[in-house]
Amino acid sequence: MKIIKVILQIGFITALSLLGQWLAAVLNLPLPGNLIGMFLLLLLLFTGVVKESHIKEGSDLLLKYMSLFFIPAGVGLLAHLELIQSAWLPWLVTIVITTIVVLMTTAKLVEFLISKEVSK
């Protein structure tokens, strides 16, 4: 019975991703459909329509094996290494800047959440 529950949970997450892709195509949005699908899931979680317990096992399974989803991207990078070598400096600058921005944003968000928790 647990396997069916996990399959249904992963199916629900996949359905939201597909819905997001459909919305991106139909509305001609400049965002990837899977990102729109995750925003929909976030909205459903915040509004309480979907509880965390409704998708916990399925999402835990996907997170457990998430590194496997990066293998095709890594192979694609290796397959097109000559393109990267021809423009390595802009890639490096972009990677360094975005990493710093993500770290700073995460730190500020954590500080904000901690200060909010302390003030309760």
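Reader: Which helix does Thr14 lie in?

Author: Thr14 lies in helix H1. Note that the model is predicted.

Reader: Why is Thr14 called partly exposed?

Author: Its relative accessible area is 40%. Buried means under 20%, and exposed means over 50%. Thr14, at 40%, falls in between, so it is partly exposed.

Reader: How far apart are Thr14 and Ser86 in sequence and in space?

Author: The two are 72 residues apart in sequence. In space they are 37 Å apart, C-alpha to C-alpha.

Reader: Ser17 is also found in helix H1. What makes it buried?

Author: Ser17 has a relative accessible area of 14%. The cut-off for buried is under 20%. Therefore Ser17 counts as buried.

Reader: Which residues does Ser17 touch, beyond those up to four places away in sequence?

Author: Gly33, Asn34 and Gly37.

Reader: Now Leu41. Where does it lie, and is it buried or exposed?

Author: Leu41 lies in helix H2. Its relative accessibility is 8%. That is under the 20% cut-off, so Leu41 is buried.

Reader: What is Leu41 in contact with, leaving aside neighbours within four places in sequence?

Author: Phe12, Leu16 and Ile55. Contact here means heavy atoms within 4.5 Å.

Reader: And how far is Leu41 from Gly20?

Author: The C-alpha atoms are 9.9 Å apart in space. In sequence, Leu41 and Gly20 are 21 residues apart.

Reader: Phe39 has its place in helix H2 too. Why is Phe39 called partly exposed?

Author: Phe39 has 47% relative accessibility. Exposed needs over 50%, and buried needs under 20%.

Reader: Which residues make the nonpolar patch, and what is its area?

Author: The area is about 980 Å². The patch is made by Leu19, Trp22, Val26, Leu27, Leu29, Leu31, Leu35, Phe39, Leu42 and Phe46.

Reader: Which helices supply at least two residues each, and which gives the largest share?

Author: Helix H1 (2-26) and helix H2 (33-47) each supply at least two. The largest share, 4 residues, comes from H2.

Reader: Where is Asn28, and why is it called exposed?

Author: Asn28 has its place in the loop between H1 and H2. Its relative accessibility is 68%. The cut-off is over 50%, so Asn28 is exposed.

Reader: What makes both partners partly exposed?

Author: Lys5 has 41% relative accessibility. Glu57 has 27%. Each value lies between 20% and 50%, so each residue counts as partly exposed.

Reader: How do you know that Lys56 and Asp60 form a salt bridge?

Author: N and O are 2.9 Å apart. That is within 4 Å, so the pair is a salt bridge. Both residues lie in helix H3, 4 residues apart, about one turn of the helix.

Reader: Why do residues three or four places apart on an α-helix point the same way?

Author: An α-helix has 3.6 residues a turn, so such residues point the same way.

Reader: What about Glu111 and Lys108?

Author: Their closest N and O atoms are 3.7 Å apart. With the limit at 4 Å, this is a salt bridge. The two are 3 residues apart in helix H6 (residues 88-118), about one helical turn. Lys108 has a relative accessible area of 56%, over 50%, so it is exposed.

Reader: How does the reach of helix H3 (residues 52-64) compare with the expected span?

Author: H3 has 13 residues and reaches 17 Å from its first C-alpha to its last. That is close to the 18 Å expected at 1.5 Å a residue.

Reader: Where is the kink in H3 centred?

Author: On Gly58, with a kink of about 35°.

Definitions and conventions:
Residues numbered from 1 in each chain as written. Predicted model: local features only at pLDDT ≥ 70, side-chain atom pairs only at ≥ 80, totals over all residues. Heavy atoms only, no water. Patch = residues over 30% accessible without salt bridge, like charges linked within 9 Å, V, L, I, M, F, W, Y side chains within 5 Å. Areas by Shrake-Rupley, 256 points an atom, 1.4 Å probe, with all protein chains shown as cover. Salt bridge = Lys/Arg side-chain N within 4 Å of Asp/Glu carboxyl O. Buried < 20%, exposed > 50% of the residue type's maximum accessible area, 1.4 Å probe, protein only. Expected span 1.5 Å × (residues − 1). Bend = angle between axes of the 7 residues up to and from the residue.
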